[in-house]
Amino acid sequence: MCGVRVMEEFAALLDALVYTTSRNRKLALIVAYLRASPDTDRGWALAALTDGLDFPAVKSSTIRNLMMERVDPVLWALSRDFVGDTAETASLLWPEPEDAERHPDLPLVEVVERLSALTRASAPKELPALFDRLDAKGRYALIKLATGGMRVGVSARLAKTAFAMAFDVAVEEVEEYWHALTPPYAELFAWAADGGAPPDLAHTPRFRPFMLAHPLEDGVVDLADYAAEWKWDGIRVQLVRAGGETRVYSRSGDDISATFPELLDVLPIDAVLDGELLVRGSAQGGEAGGAASFNALQQRLGRKTVSKAMLRDYPAFVRLYDVLLLEGQDWREAPWKSRRATLEALMPRLPESHFDLSQLVEAADFAALAAIRDTARDEAIEGLMLKHRESPYVAGRKVALWYKWKRDPLLVDCVLMYAQRGSGKRSSFYSDYTFGCWDGDPDAGAELLPVGKAYSGFTDEELKKLDRFVRQNTLNKFGPVREVKRELVFEVAFDSVHTSKRHKSGLAMRFPRIHRIRWDKPAHEADRIEGLRALVKD
Amino acid sequence: MTAPPFSWIRPEPWGIHIVPADAWVDPSRPVARALVTHGHADHARGGHGVTVATPATLAIMELRYQTRDGASPAEYGETLDIGGGVTATYLPAGHVLGSAQILLEHAGERVIITGDYKRAPDPTCAPFAVTPCDIFITEATFGLPVFTHPPIAEEIAKLLEARRENPDSSILVGAYALGKAQRVIAELRAAGHTETIWLHGAMEAMCRLYEEHGVALGDLRLVSDAKKEDMRGGIILAPPSALNDRWSRRLPDPVTAMASGWMRVRQRARQRGVELPLVISDHADWNELTRTIAEVNPQETWITHGREEALLRWCELSQRRARALALVGYEDEDD
C-alpha cells in the first residue's frame with residue numbers, strides 16, 4: 001500500500017507534535033502530513049487535531065474499565081496517578097498478546113469507521129481487537145482519537161493555518177468554510193488540494209469567525225478615531241439566519257441553538273449579527289441596562305434541553321454590537337461607522353422582546369471616558385470596548401482596530417488549603433489550588449472556608465516552589481489531593497463574586513487566578529468571608 | 001537466649017545499620033564505617049571514617065569527592081569479615097562501573113542489599129549476579145508497570161537517525177555524568193559511530209576514569225575546545241542540568257535529547273523541554289524488578305526507594321512477604 005498514510009503515521013505525527021515546542025516546526029510537521037496523505041485519512045486527522053471528532057460510545061471510563069479487567073486496580077491507579085493521562089497509561093499497560101500480529105498499516109479512515117460503529121455495549125468487545133493490532137504509540141493515538149482532546153499543543157487555529165499553508169490558500173477563507181463543513185471535510189480538500197470550486201454555502205446558516213479585540217494595556221486612544229461601548233458580561237454570540245433557518249453560535253463556533261430556543265424564530269430577515277447574549281435582569285446597568293449578572297446566565301448555559309420554567313425565569317436576549325451580513329449584502333469590508341448606522345437602522349425591524357442595541361458610551365475625551373469606566377464595577381460590567389470607526393470586520397485579533405479595556409480585577413488575600421496534582425504538562429506537580437478566607441477572627445478560633453480554586457497566574461519557577469511547599473507541608477492525602485498547613489497566602493485576582501449554593505462559604509468567584517504569592521504574609525492576616533461577601537452583585 | 005531473626009540488620013531513615021559490626025550501608029550522614037554500593041551521590045558520600053567499596057567505586061569517589069582516607073577495597077566475590085560475626089561479599093549489580101550488591105551473612109542468615117541495579121546488558125560494567133538470600137533489599141526507582149525500558153540498540157538507532165535527519169544541527173544528549181554518559185558512548189561505538197563525540201566539561205574526568213578501567217570510548221573532545229562549526233552534525237553529551245542552560249547556546253542549533261528511564265512518559269519529556277526522548281536507564285525496569293525478585297526468591301523483600309507502593313502491591317499479589325523502608329535522600333530524577 002505504497003504512499004498510503006496509515007494509523008502508524010498518524011501516531012508518529014502526534015508524537016512528533018508532542019515533543020516539538022516550536023510553532024514553525026509544528027506547522028511543518030502538519031503540512032508534510034497533510035500533503036502526503038489521501039483525502040479521507042487527512043480529513044480525519046485534521047478533525048482529530050481540531051477536536052472535531054466525537055465517538056459517544058468511547059469515554060475515558062470505557063478505557064479505564066477495559067484496563068481494570070486486565071490490570072490490577074491498585075497498579076492501574078498508581079500508574080495513572082504518576083503518568084497523569086489515562087490514554088497514555090492505558091497505552092503503556094495494555095497487555096500485548098504473545099503472538100501479536102501487528103497491523104500498523106490500518107488506515108485512519110478504517111479506524112474512524114470502526115469507532116463510529118461502536119455502541120456502549122459493543123465497545124468493550126471491539127476495542128481490544130484494535131488495541132492488539134497496534135503498538136504502544138499506536139494505542140495512544142487510537143485512544144486519543146476515540147476519547148478526544150489530543151493535547152499535543154496544537155490549537156484549531158494552528159491546524160487550519162497548516163492546512164492553508166499545505167495547499168496555498170488563505171487561512172481566512174478556510175475559516176469561512178470550516179464551520180459549515182463536517183469531517184472529513186471532503187469539499188474543503190476538493191477546493192484547496194484539488195483545485196475544485198469553493199464549497200457552496202449560500203443557503204446554510206453558517207458561522208463566520210468573530211472579530212476580537214486586543215487588551216488596551218497602558219495606551220491612550222483618540223475618541224475622534226474610536227467609539228466606546230460597554231463590554232457586557234454575558235457570552236458573545238453570533239446569530240445567523242439563512243435559507244429560513246436561524247442558528248446561534250458561541251465564540252468558538254459551537255452551535256448552541258438548542259440551548260436558546262427562544263431566539264430561533266424571532267429574526268425576521270436573513271442576517272449575520274454579532275452581539276452579547278444576556279438574561280433579563282437589573283444587575284448590569286440597573287433597570288435601564290436590563291441585564292442580569294453572569295451568574296443568572298450561567299443557569300442557562302450547557303443545557304441540551306430547556307424547561308419552560310428556565311425560559312420564564314431566565315429569559316435570554318441579544319444585545320447587538322455589529323452586523324456582518326444583511327439580506328444578501330456582505331458588510332464586513334465596510335467601516336465600522338457604516339455598519340453601526342446599518343445596525344441602528346435595522347433595530348426597529350427587530351422585536352424588542354429579544355433584541356436591543358448596545359449603546360455607545362459618549363465622553364468628551366479619554367480622561368472623561370476613564371472616569372466613566374471606573375464606575376463600571378458598580379454596574380457589574382466587564383469594562384469598555386474601543387472600536388476604530390474605520391475598522392472593517394475582520395476575523396481574529398488585528399492590532400489597533402478593536403481594544404478591550406477591562407476594569408482592574410478585584411483582589412483578595414486567601415490562604416492555601418488544598419492542592420491537587422495537575423495533568424498534562426503539569427502531571428506530578430501540585431498545580432491546582434483551593435484557597436479559603438476566614439469565617440471570623442482567625443485569632444479567636446475562626447476557620448477557613450474555601451472560596452475558590454485557581455490553576456493559573458504563576459510562572460514555572462513559582463510552580464516548582466509551590467509544589468515543594470505542598471509536599472513539605474502536607475497534613476493529609478486524599479488520592480491526588482493534599483491538604484496542607486494553613487500557612488501560605490495567595491493574593492487572588494478575580495473579575496466578580498457571586499452567591500453560590502455549591503460552596504460552603506456560599507460564594508463563588510468568577511475567573512480567579514493567582515495574582516501574587518505572599519510568601520511573606522502570615523495566614524491570619526488574610527481576608528475574611530464577610531469582606532468578600534460585601535463585593536457580591538447579584 | 002537467641003535474638004529474633006534478622007534483628008542484626010536494622011533500616012534507619014539515613015541508611016541500613018549492621019548492628020553487630022556497627023557498620024552502615026550507603027549512609028546519608030557521616031559514620032565510622034560505611035559499606036558503599038556504588039559511586040552515585042545519593043549512595044556514596046564523603047566524610048566516613050572507613051569506606052568499604054569496590055576499587056572502581058573507590059576511584060570514582062576519590063575523583064568526585066576527593067575522599068581517599070579510609071578507603072578499603074573489596075573485589076567482586078571476595079568475602080570480608082567485618083566484625084561482630086558478619087561477613088560481607090560484594091557482587092556485581094550491573095548498574096554502573098564498580099557497582100555492587102552487598103551480601104551480608106550472620107548466624108546462617110543471608111541478606112542482600114542491591115543498591116541500584118539493572119539486568120539489561122551494559123558494556124561498561126559487570127552484569128548483575130543473581131544470588132540466593134533470605135532477605136532481598138531492592139531499589140524501586142522504576143517500580144511502576146508503565147516503565148519498561150526498550151532494548152538500548154533501538155534507542156541508539158533513534159539517536160543516529162535523528163543525527164542523519166539533522167545534518168545542519170547538532171544532537172545534544174542529556175545524560176548522567178557517571179554511568180549513563182559512558183554507556184551511551186560505548187553503545188554508539190558498538191553501533192558503528194566512530195566520529196568524534198563532544199563532551200561537556202563535567203564529563204571529561206569520568207570518561208577518562210572509565211577508559212583507565214578498560215572501557216574504550218573512542219575519540220572524545222571538549223565542547224569548550226571546539227568551534228561551533230566543528231560540532232555541526234555531531235553528537236554532544238552534557239549533564240541534564242546543562243540542557244536548558246546558557247551553556248547550550250554555544251552549540252549549533254541543537255536538537256535536545258535526553259537519555260533517561262523517565263522519558264518513557266511523554267509529559268515528563270515535555271516538562272524538561274526534550275525533543276528527542278531516549279528511554280535509556282541504568283535502573284531495573286518493572287519487568288526486571290519483578291523477574292529479579294522471582295529469581296532470587298527470598299523469604300522477604302524490602303524496598304528502599306522509588307515507587308515502592310506498586311512493587312509492594314506486586315509482592316502482595318504474588319504472595320511474597322515485603323515491606324517498604326522509608327530511607328531518606330535516595331532519588332534519581334536524572335536517571
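Residues are numbered from 1 along each chain as its sequence is written, while chains are lettered from A and ligands numbered from 1 in the order in which they are written. In this predicted model, local features need pLDDT of at least 70 and side-chain atom pairs count only at pLDDT 80 or more, whereas totals for chains, interfaces and linings use all residues.

Chain A contains 19 helices and 21 strands, these being DSSP runs numbered from the N terminus, with helices H or I of at least four residues and strands E of at least two. Its radius of gyration is 26 Å, close to the 24 Å that the globule rule gives for 538 residues, so chain A is as compact as a globular protein of that length; the radius is taken over C-alpha atoms, and the rule is 2.2 Å times the number of residues to the power 0.38. Buried residues make up 39% of the 538 residues in chain A, where buried means that 20 or more other C-beta atoms, placed from the backbone, lie within 10 Å of the residue's own.

| Part of chain A | Mean pLDDT |
|---|---|
| Helix α13 (residues 286-289) | 56 |
| Helix α16 (residues 336-346) | 97 |

In helix α11 (residues 171-178) of chain A, the buried residues are A:Val174, A:Glu175 and A:Trp178. They cover an arc of only 100 degrees around the axis, which puts them on the same side of α11(A), the arc being that of the directions from the helix axis to the C-beta atoms. These buried residues pack against α10 (156-167) of chain A.

Between the chains, 17 residues of chain B are in contact with 20 residues of chain A, contact meaning C-beta atoms, placed from the backbone, within 7 Å. On the side of chain B that touches chain A, α5 (266-271) and α7 (308-317) of chain B each supply at least two residues, and α5(B) gives the most, with 5 residues.

Definitions and conventions:
Contact = placed C-beta atoms within 7 Å. Buried ≥ 20, exposed ≤ 12 C-beta atoms within 10 Å, placed from the backbone. pLDDT = per-residue confidence, 0-100.
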